[in-house]
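Subject: The model, and notes to go with it

Hi there,

Here is the structure I said I would pass on.

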Amino acid sequence: MDQKYLWIEALKFNNKGLIPAIAQDDRDSTILMMAWMNKESIEQTLATGEAHYWSRSRSEFWHKGATSGHIQKVKQIFYDCDADTILLKIEQIGEIACHTGVRSCFFNSVALPLGAIMQ
């Protein structure tokens, strides 16, 4: 394996060889989406500079934006302290990351009980 990819070996993939990946806008830090990656999709992302993921429902790789044009140019990659989650800091081309046609997949707000907010 290429030396620049050795950090991938430190990652803790689940029993299906997948790891959650969070896509965050590099400009304003908005969390845009969460998807799954495996070693091959990480390597493809590093090779192309654009986000590639693993589709659990279709059991295939997908290049984010290949059909919509809303690609994600990867600016930085981080992994968390437990090495079980990846954070991609990206430039979202076209401003739409969600398959529903909106900028972020995280648009469903939950009303918290007043007591939870006051604590």
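Below are my notes, going from the overall fold to single residues.

A few ground rules come before the details. This is a predicted model, in which local features need pLDDT of at least 70 and side-chain atom pairs count only at pLDDT 80 or more, while totals for chains, interfaces and linings use all residues. Residues are numbered from 1 along each chain as its sequence is written, and side-chain values use heavy atoms, with hydrogens and water left out.

**Overall layout**

The chain has two helices and six strands, arranged along the sequence as β-β-α-β-β-β-β-α. Helices (H or I, at least four residues) and strands (E, at least two) are DSSP runs, numbered from the N terminus. Along its principal axes, the C-alpha trace spans about 55 × 35 × 30 Å. Of the 119 residues in the chain, 34% are buried; buried means under 20% relative accessible area, exposed means over 50%, and partly exposed is in between, with a 1.4 Å probe and protein chains only. The chain exposes about 7,400 Å², and carbon and sulfur atoms supply 54% of that area. Accessible areas come from the Shrake-Rupley method with a 1.4 Å probe, and for residues only the protein chains shown count as cover. Among contacts (heavy atoms within 4.5 Å) with a separation of 6 or more, 45% are between residues 24 or more positions apart.

**Strand 6 and its partners**

Five of its seven residues are buried, so strand 6 is largely enclosed by the rest of the structure. Strand 1 runs parallel to strand 6, joined by five bridges, and strand 5 runs antiparallel to strand 6, joined by seven bridges. Two strands pair if DSSP finds at least two bridges between them. Ile 90 of strand 6 is the bridge partner of Asp 25, and Val 74 also stands opposite Ile 90.

Strand 5 and strand 6 form a hairpin with six residues between them. In that loop sits Ala 83, whose phi is positive, about 60°, although Ala 83 is not a glycine. Most residues other than glycine have a negative phi. Ala 83 is also buried, with a relative accessible area of 8%.

**Helix 1**

Which residues of helix 1 (residues 39-48) are buried? They are Ser 41, Ile 42 and Thr 45. Seen down the axis of helix 1, these residues fall within an arc of 105° (taken from the directions from the helix axis to the C-beta atoms), so they line one face of the helix. They pack against strand 1 (19-25), strand 2 (31-37), strand 3 (52-55), strand 4 (60-63), strand 5 (72-79) and strand 6.

Asn 38 caps the N-terminal end, with a side-chain oxygen 3.2 Å from the backbone nitrogen of Glu 40. After helix 1 comes Gly 49, with a positive phi near 80°.

Strand 3 and strand 4 run antiparallel and are joined by four bridges. Ser 55 has Glu 60 as its bridge partner in strand 4. Four residues lie between the strands of this hairpin, where Ser 59 takes a positive phi near 50°.

The structure holds three aromatic pairs. Rings of Phe, Tyr and Trp (its six-membered ring) pair if their centres lie within 6.5 Å; planes under 30 degrees apart count as stacked, over 60 as edge-to-face and the rest as tilted. The rings of Tyr 53 and Trp 62 have centres 5.0 Å apart and planes at 40°, so this pair is tilted. Trp 54 and Phe 61 form an edge-to-face pair, 5.0 Å centre to centre with 80° between the planes. Tyr 53 is buried at 0% relative accessibility, whereas Trp 62 is partly exposed at 22% and Phe 61 is partly exposed at 42%.

**Glu 95**

Glu 95 is not a glycine, but has a positive phi of about 65°. At 35% relative accessibility, Glu 95 counts as partly exposed. Leaving aside neighbours within four places in sequence, Glu 95 is in contact with Arg 27, His 70 and Arg 103. The side chains of Glu 95 and Arg 27 are joined by a polar contact of 2.9 Å. A polar contact is a pair of N or O atoms within 3.5 Å; within protein, one must be able to donate a hydrogen and the other to accept it, and residues adjacent in sequence count only if both atoms are side-chain atoms.

Best wishes
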